[in-house]
Amino acid sequence: SKSSASGLSGVTLASFKDVLREVEKVFSKPDVVDERRKKHFVEEIMPNTPQLTEAEEQMLGRLEGLENELKKKGKRVKGTLKDEVNKFLWREEGNVWGGYEVVVDKAAESLLAQIFVLDTYQRHKT
C-alpha cells in the first residue's frame, strides 16, 4: 500500500542519514583542510601578489620610525603592565598620540593566512 511504501522510504532515508553521519565522523578532517588552505595561501597566493603602488611604498616609509617614536616618546598606560598588548600615550604639538606593541609568536606568513583565509571550518564554527 501507499502508506507502507512512504513509511519504508522514511525509514530508508533515516538509515541513510545515520550512515552518512558515521562516514562523516570517520572521514571529516576540518583542521587538515584548514591547514591546507592556509598553506596554499602562503605558498601560492602570497608570492604572486602585485607589487606595492608608489603611494603604498610612501605610506610604509612614513611608518618606519614609529617603533622608535613609541619607545622614545610614549608613556605606558597605567594598569597595562601585565596585558599582552603594551599600550602607550604621548602628547606632541597639541595632539594626543596612542600606540601599541604586541609580540606575535607566529611567522608573518602564518599570521596573514590566519587573517585573510576566510573560508575555513574554524571560522564557520564561530
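Reader: What separates Glu 35 and Lys 38 within helix α2?

Author: Helices and strands are DSSP runs numbered from the N terminus (helices: H or I, at least four residues; strands: E, at least two). Lys 38 belongs to helix α2, residues 30-45. Because Glu 35 and Lys 38 are three residues apart in this helix, their separation is about one helical turn.

Reader: What kind of model is this?

Author: Residues are numbered from 1 along each chain as its sequence is written, and side-chain values use heavy atoms, with hydrogens and water left out. Local features need pLDDT of at least 70, side-chain atom pairs count only at pLDDT 80 or more, and totals for chains, interfaces and linings use all residues, since this is a predicted model.

Reader: What is the N to O distance in the salt bridge of Glu 35 and Lys 38?

Author: Side chains of opposite charge can pair when their charged atoms come close. The term salt bridge requires a side-chain nitrogen of Lys or Arg within 4 Å of a carboxyl oxygen of Asp or Glu. Glu 35 and Lys 38 meet this rule, with an N to O distance of 3.9 Å.

Reader: Is Lys 38 buried or exposed?

Author: Relative accessible area sets the class: buried is under 20%, exposed is over 50%, and partly exposed lies in between (1.4 Å probe, protein chains only). Glu 35, at 48%, is therefore partly exposed. The relative accessibility of Lys 38 is 16%, so this residue counts as buried.

Reader: Which residues does Lys 38 touch, not counting those up to four places away in sequence?

Author: Contact here means heavy atoms within 4.5 Å. With residues up to four places away in sequence not counted, Lys 38 touches Ala 113, Gln 114 and Val 117.

Reader: How many residues apart in sequence are the parts tied together by Glu 92 and Lys 73?

Author: The side chains of Glu 92 and Lys 73 form a salt bridge, at 3.0 Å from N to O. Glu 92 is in strand β2 and Lys 73 in helix α4, so the pair ties together parts whose separation in sequence is 19 residues.

Reader: Which strands stand at the edges of the sheet?

Author: Strands pair if DSSP finds at least two bridges between them. The open sheet has three strands in the order β1-β2-β3, with antiparallel pairing. Each edge strand has a single partner, so one side of each lacks a neighbour in the sheet; these strands are β1 (75-76) and β3.

Reader: What is the phi of Glu 93?

Author: Most residues other than glycine have a negative phi. Glu 93 lies in the loop between β2 and β3, and is exposed because its relative accessible area is 76%. Its phi is positive although the residue is not glycine, with a value near 50°.

Reader: In which loop does Val 102 lie?

Author: Val 102 counts as partly exposed because its relative accessibility is 42%. Its position is the loop between β3 (95-101) and α5.
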